[in-house]
Amino acid sequence: MKKEVGFIAAGQAGGNIGQLLEKKGYSVLYINTSMEDLGTLADSAHKFHLEGGEGCNKDRVKAKKVLAGNLDKVLEQVRKKLPQKILFIIFSAGGGTGSGIGPAFTDIIQQELDRTVGAITILPSEEESVKAHINAYECVKELADIQEMGAAFFLDNNNTKNKMRLNEQFVRLLDNFICIPDRRSSTLGNIDRAEIKEVLGTKGAAVICCLYRQNSRDNTA
């Protein structure tokens, strides 16, 4: 299943999660308005700088304009680097680059490239600025207005002060879920590839829960 799901990491926050996924064997395309942010991804294979951008400083409108000026080129990058039919765009809802690009690019890719596109979105903590929360509200509203999209995962930075640990936990759980068909069990049954694809391609807020065997009702899960 790893070869059937690809990721687009937009902005610095998206890049942090993208690197964790790339280390687990997934294909990741990093896009950013900041060359400096892309420069921190030294070991990553696929990076694309949106020309005309020098970072967006929490300005969603600026990010959308930069995306519009690079749209044909970045779509070509997706065609070449991410052949997977299921894609997820990773971005921070409260920032500038990812927050502005994420919803717009989600809609464009599914229309122009006929892919199933979902979102992995990082929500700001209560300690972050008013601007970050305004951005997040506008960003999530735009996601909700997209008629046909895949699942949306929301990472809430209020859950922990250690954001990197939250990223690691999410990536581990998502990878475990995607790889269920590769861990077949002859006695307990199995979720097949078609079922995984259906879940990832269904619109709505998705939640991954992990229940250990000793905590399950019949001790067989």
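**Chatting through a predicted chain**

Visitor: Where does Asn-135 lie?

Guide: Asn-135 sits in helix H5, which covers residues 130-145. Keep in mind that we're looking at a predicted model.

Visitor: Which residues does Asn-70 touch?

Guide: Setting aside anything up to four places away in sequence, Asn-70 is in contact with Phe-48, His-49, Leu-50 and Glu-51.

Visitor: OK, zooming out. How many helices and strands are in the chain?

Guide: Seven helices and seven strands. Starting at the N terminus, the order is β-α-β-α-β-α-β-α-β-α-β-α-α-β. The radius of gyration is 17 Å, close to the 17 Å that the globule rule gives for 221 residues, so the chain is as compact as a globular protein of that length.

Visitor: What does the C-alpha trace span along its principal axes?

Guide: About 55 × 40 × 35 Å. Buried residues account for 44% of the 221 residues. Of the contacts between residues at least 6 apart in sequence, 66% join residues at least 24 apart.

Visitor: Which residues have the most contacts inside the largest nonpolar core?

Guide: Ile-8, Ile-31, Val-78, Ile-101, Phe-105 and Ile-109, in a core of 30 residues. Strands S1 (5-10), S2 (27-32), S4 (86-92) and S5 (116-123) each give two or more residues to this core, as do H3, helix H4 (97-112) and H5.

Visitor: Which element gives the most to this core?

Guide: H3, with six residues.

Visitor: What does Ile-8 touch?

Guide: Quite a list, again skipping residues up to four places away in sequence: Leu-29, Ile-31, Val-78, Leu-82, Leu-87, Phe-88, Ile-89, Ile-90, Phe-105 and Ile-109. There's also a second, separate core of 28 residues, which includes Tyr-26, Val-171, Cys-179 and Leu-200.

Visitor: Now loops. Where is Asp-182 found?

Guide: Asp-182 is in the loop between helix H6 (163-178) and helix H7 (193-200). With 43% relative accessibility, Asp-182 counts as partly exposed.

Visitor: What does Asp-182 touch?

Guide: Met-1 and Arg-193, not counting residues up to four places away in sequence. Asp-182 and Met-1 are 181 residues apart along the chain, yet 7.3 Å separates their C-alpha atoms.

Visitor: One more: what's the phi of Asp-114?

Guide: Near 55 degrees, a positive value in a residue other than glycine. Most residues other than glycine have a negative phi.

Visitor: And where does Asp-114 lie?

Guide: In the loop between H4 and S5. Asp-114 is exposed, because its relative accessible area is 55% and the cut-off for exposed is over 50%.

Note on methods
Residues numbered from 1 in each chain as written. Predicted model: local features only at pLDDT ≥ 70, side-chain atom pairs only at ≥ 80, totals over all residues. Heavy atoms only, no water. Contact = heavy atoms within 4.5 Å. Helix = DSSP H or I, 4+ residues; strand = E, 2+ residues; numbered from the N terminus. Rg over C-alpha atoms; globule rule 2.2 N^0.38 Å. Buried < 20%, exposed > 50% of the residue type's maximum accessible area, 1.4 Å probe, protein only. Core = buried A, V, L, I, M, F, W, Y, C linked by side-chain atoms within 4.5 Å.
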